[in-house]
Amino acid sequence: MDNPIYRQEERDQQLIELCGQILSNARNELYLHMRFLDVALSSLRFTPDFGVNPAATEGIGFYYHPEHLITLYKKDRKLVNRLYLHMIFHCLFAHMFVAKGRESSLWNLSCDIAAEYVMDDLYLSCIYRSSSQIRRRLYCALRQHNKVITAQGVYDYLQRQHLSQEHVMQLAHEFYVDDHSIWNEKPENPNQQQQQKWEDIREKMQTEMETFSKEASEDSRSLYEQICVENRQRYDYKKFLRKFCVLKEEMQVDMDSFDYIFYNYGMEMYGNMPLIEPQETKEVHKIEDFVIVIDTSMSCKGELVQHFLEETYSVLNEAESFSRQIHVHLIQCDERIQNDTLITSREQMEEYRKHFQIVGQGGTDFRPAFAYVDELLAAGKFHRLRGLIYFTDGYGRYPVKKPIYETAFVFMKEDYQDVDVPPWAIKLILDTEELKRSNT
């Protein structure tokens with residue numbers, strides 16, 4: 001007996017088997033051209049899903065619509081290869097894991113542009129296609145504003161352009177490859193285990209590209225640069241700055257060490273005689289003598305410097321941060337000392353932050369700042385210098401000799417590429433987007 005339901009199920013099963021072969025062939029072809037992607041290409045589980053167009057991933061499965069995938073394959077098998085690699089890039093660059101807090105449609109577009117930019121820059125026969133005029137024009141504009149084209153960099157660029165809705169729709173149509181609706185179905189906190197899995201894959205992939213597949217990585221420069229950007233360590237600047245505080249005792253009640261159980265027991269047993277009372281001294285972290293140097297060369301953007309000052313001010317403005325005797329030197333320096341402002345109170349710090357203006361815009365040389373601080377030390381301007389933080393882009397001449405105080409170079413650029421600092425210095429890389437959000 002001819003059963004239409006059975007016939008449809010049989011047809012669907014045949015489509016699924018055919019799609020499995022198509023995706024397996026795409027994975028194999030990509031692997032032959034980019035062996036450093038072996039683990040990444042094998043990390044998604046093929047799963048049919050008639051609700052996506054044409055495919056989607058959340059970092060676990062490769063969800064595809066069988067009919068749409070076959071239609072894409074009939075048009076050009078390279079389109080299936082591009083779809084596969086495009087979704088792998090989303091996972092490697094953690095696009096779905098960091099979508100929270102951003103305007104969804106613009107973030108989706110930015111992720112697609114970043115993934116397609118890397119793919120168009122590979123020039124591999126299995127994925128190559130001629131770029132449209134829209135793409136070439138946008139890529140050229142992005143390269144003028146970013147050394148490395150990341151999703152965050154694209155997102156910031158598109159926000160600054162204030163594009164019309166029509167223009168945004170045109171770009172979305174041009175760069176649309178996969179379905180991102182599944183990204184919004186995640187719980188508030190993304191799957192940390194999956195995120196860690198892709199971080200591990202990305203780190204191993206960078207090592208592979210730098211060693212065994214070094215020649216292949218030279219032909220995949222944009223991909224390698226994005227991998228390096230995503231693999232860099234990010235830090236909580238507030239926690240870092242507190243390390244330069246001095247631990248000291250002050251006359252104040254320490255309620256943190258107070259035990260209410262013994263206090264109440266004594267009051268109940270003996271009336272008004274507590275067994276334990278709060279300590280009258282408390283250990284607190286105070287900032288006394290400190291130096292912050294701001295690189296005001298042409299390569300440092302005023303907006304980034306302002307965000308850095310905002311975050312520094314928020315830490316120093318905490319109730320326990322300021323000591324009664326404080327000397328914080330805020331120095332602006334490019335190739336020479338341009339300005340030195342001494343901060344001795346919260347009010348002065350706030351005034352400096354509100355009316356800050358960059359002075360200099362010359363070349364970059366770190367040595368004059370260290371020489372100047374050494375002069376201040378020799379003149380007895382510091383009681384107990386804890387350290388020096390140098391905010392910069394990293395491109396300059398470093399002192400040869402290690403200073404007697406702790407030194408940290410702070411980098412805050414979304415497209416930051418690793419720069420070697422002297423072995424005696426701390427290297428701190430801040431997340432631009434996180435810093436912006438913490439200041440709002």
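**Notebook: salt bridges and the overall chain**

I started with K354, which forms a salt bridge with E350, their closest N and O atoms sitting 3.3 Å apart. This is a predicted model, so I keep in mind that I'm reading computed values. Both residues belong to helix α15 (residues 346–354), and because they are 4 residues apart there, about one helical turn separates them.

K354 has 53% relative accessibility, so it counts as exposed, the cut-off being over 50%. E350 comes out at 28%, so I noted it as partly exposed.

I found one network joining R82, E116, D120, R135 and E174.

I followed R135 from there. Its side chain meets that of E116 in a salt bridge, at 2.9 Å from N to O. R135 is in helix α6 (residues 133–145) and E116 in helix α5 (residues 104–120), so I logged a link between distant parts of the chain, 19 residues apart. Both R135 and E116 are buried.

R135 also has a salt bridge with D120, again listed at 2.9 Å, N to O. D120 lies in helix α5, so this pair ties helix α6 to a part 15 residues away in sequence. I have D120 down as buried, like R135.

How many salt bridges does a search of the whole structure find? I got 9.

Last, I stepped back to the chain itself. I counted 17 helices and 10 strands. Of its 440 residues, 49% count as buried. The accessible surface comes to about 23000 Å², with 49% of that belonging to carbon and sulfur atoms.

Definitions and conventions
Residues numbered from 1 in each chain as written. Predicted model: local features only at pLDDT ≥ 70, side-chain atom pairs only at ≥ 80, totals over all residues. Heavy atoms only, no water. Helix = DSSP H or I, 4+ residues; strand = E, 2+ residues; numbered from the N terminus. Buried < 20%, exposed > 50% of the residue type's maximum accessible area, 1.4 Å probe, protein only. Areas by Shrake-Rupley, 256 points an atom, 1.4 Å probe, with all protein chains shown as cover. Salt bridge = Lys/Arg side-chain N within 4 Å of Asp/Glu carboxyl O.
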